[in-house]
Amino acid sequence: MNPTHDEGKVAEAIEHITAKFPSDIFLWSALGTLATAATLFTQGKRTEGLLVGQWAAPLLILGLYNKLVKLEGSD
């Protein structure tokens with residue numbers, strides 16, 4: 001860790017807001033998007049299903065970031 005390193009104002013604001021959310025929200029949101037994508041895909045809306053299905057990975061990454069910030073802190 002670099003003691004002279006400071007987080008930017010944007011990163012601090014994001015961390016302050018996301019730290020209020022339970023990490024489970026991101027997991028359940030990702031699973032919900034996958035279920036929605038599967039439903040759209042089976043209804044013949046292939047393009048929309050593929051689009052919604054791609055939301056799962058960013059949600060899981062946000063959940064991981066949220067968890068790391070809660071465990072390690074922002075600095």
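Trainee: Before we start, what should I know about the model and its numbering?
Mentor: Residues are numbered from 1 along each chain as its sequence is written, and side-chain values use heavy atoms, leaving out hydrogens and water. This is a predicted model in which local features need pLDDT of at least 70 and side-chain atom pairs count only at pLDDT 80 or more, while totals for chains, interfaces and linings use all residues.

Trainee: How far does helix α2 reach from its first C-alpha to its last?
Mentor: Helices are DSSP runs (H or I, at least four residues), numbered from the N terminus. The expected span is 1.5 Å times one less than the number of residues. For the 20 residues of α2, 23-42, 28 Å is expected, and the helix comes close to that at 30 Å.

Trainee: Which residues of α2 are buried?
Mentor: Buried means under 20% relative accessible area, exposed over 50% and partly exposed in between, with a 1.4 Å probe and protein chains only. The exposed Trp-28 and Thr-42 sit on the face of α2 turned away from its buried side. The buried ones are Ser-23, Phe-26, Ala-30, Thr-33, Ala-37 and Leu-40.

Trainee: Is Thr-33 buried or exposed?
Mentor: Thr-33 is found in helix α2. Leaving aside residues up to four places away in sequence, Thr-33 touches Val-52, Trp-55, Ala-56 and Leu-59, where contact means heavy atoms within 4.5 Å. Its relative accessibility is 10%, so Thr-33 counts as buried.

Trainee: Which helices do the buried residues of α2 pack against?
Mentor: Good one to look for in the structure! Just after α2, Gly-44 takes a positive phi of about 90°. The buried residues of α2 pack against α3 (46-53) and α4 (56-72).

Trainee: Which residues of α4 are buried?
Mentor: On the other side of α4, Ile-61, Leu-64, Leu-71 and Glu-72 are exposed. What covers the buried residues includes α1 (9-18), α2 and α3. Those buried residues are Ala-56, Gly-63, Asn-66 and Val-69.

Trainee: How does Leu-60 count by its relative accessibility?
Mentor: Leu-60 lies in helix α4. Its relative accessibility is 45%, so Leu-60 counts as partly exposed.

Technical notes: Helices (H or I, at least four residues) and strands (E, at least two) are DSSP runs, numbered from the N terminus.
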